[in-house]
Amino acid sequence: GIMGIDIDTQNENFVTVTINLKRPGLLIGEQGGKINELESRLSYLFNRETKVKIDEVKRGINEPICGGY
């Protein structure tokens with residue numbers, strides 16, 4: 001699932017969107033095609049060039065460290 005999204009709009013020329021995911025392969029798709037489509041759609045919405053970064057989250061904030069005890 002999606003653990004968080006950070007949108008950095010401080011640069012006048014482009015926007016950086018960082019998505020924190022537990023399973024990044026589901027969003028990335030084959031050969032990154034889904035990322036390219038997402039960047040294109042976000043560029044249209046923000047009216048600026050948009051770069052999407054994907055960060056894999058190994059463990060959620062609310063998940064226990066030791067097997068659920």
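Leu 42 touches Val 17, Thr 50 and Val 52, residues up to four places away in sequence being left out of the count; contact here means heavy atoms within 4.5 Å. The model is a predicted one, in which local features need pLDDT of at least 70 and side-chain atom pairs count only at pLDDT 80 or more, whereas totals for chains, interfaces and linings use all residues. Residues are numbered from 1 along each chain as its sequence is written, and side-chain values use heavy atoms, with hydrogens and water left out.

Helices (H or I, at least four residues) and strands (E, at least two) are DSSP runs numbered from the N terminus. Helix H2 (residues 33-46) has 14 residues and reaches 20 Å from its first C-alpha to its last, close to the 20 Å expected at 1.5 Å a residue; the expected span is 1.5 Å times one less than the number of residues. In H2, Ile 35, Glu 39 and Leu 42 are buried. These residues lie on the same side of H2, because they cover an arc of only 70° around the axis, the arc being that of the directions from the helix axis to the C-beta atoms. On the other side of H2, Arg 41 and Tyr 44 are exposed. Buried means under 20% relative accessible area, exposed over 50% and partly exposed in between (1.4 Å probe, protein chains only). The cover over the buried residues of H2 includes strand S2 (14-21), helix H1 (25-28) and S3.

The largest nonpolar core consists of seven residues: Val 15, Val 17, Ile 19, Leu 21, Ile 35, Leu 42 and Val 52. S2 and H2 are the elements that give two or more residues to this core, and S2 gives the most, with four. A nonpolar core is a set of buried Ala, Val, Leu, Ile, Met, Phe, Trp, Tyr and Cys residues joined through side-chain atoms within 4.5 Å.

Thr 50 is found in strand S3 (residues 49-56) and is buried, with a relative accessible area of 5%. Leaving aside neighbours within four places in sequence, Thr 50 is in contact with Val 15, Val 17, Glu 39, Leu 42 and Ser 43. The C-alpha atoms of Thr 50 and Phe 14 are separated by 5.5 Å, although the two residues are 36 residues apart along the chain.

In the loop between H2 and S3 is Asn 47, which is exposed, with a relative accessible area of 68%. Asn 47 has a positive phi of about 60° although it is not a glycine.
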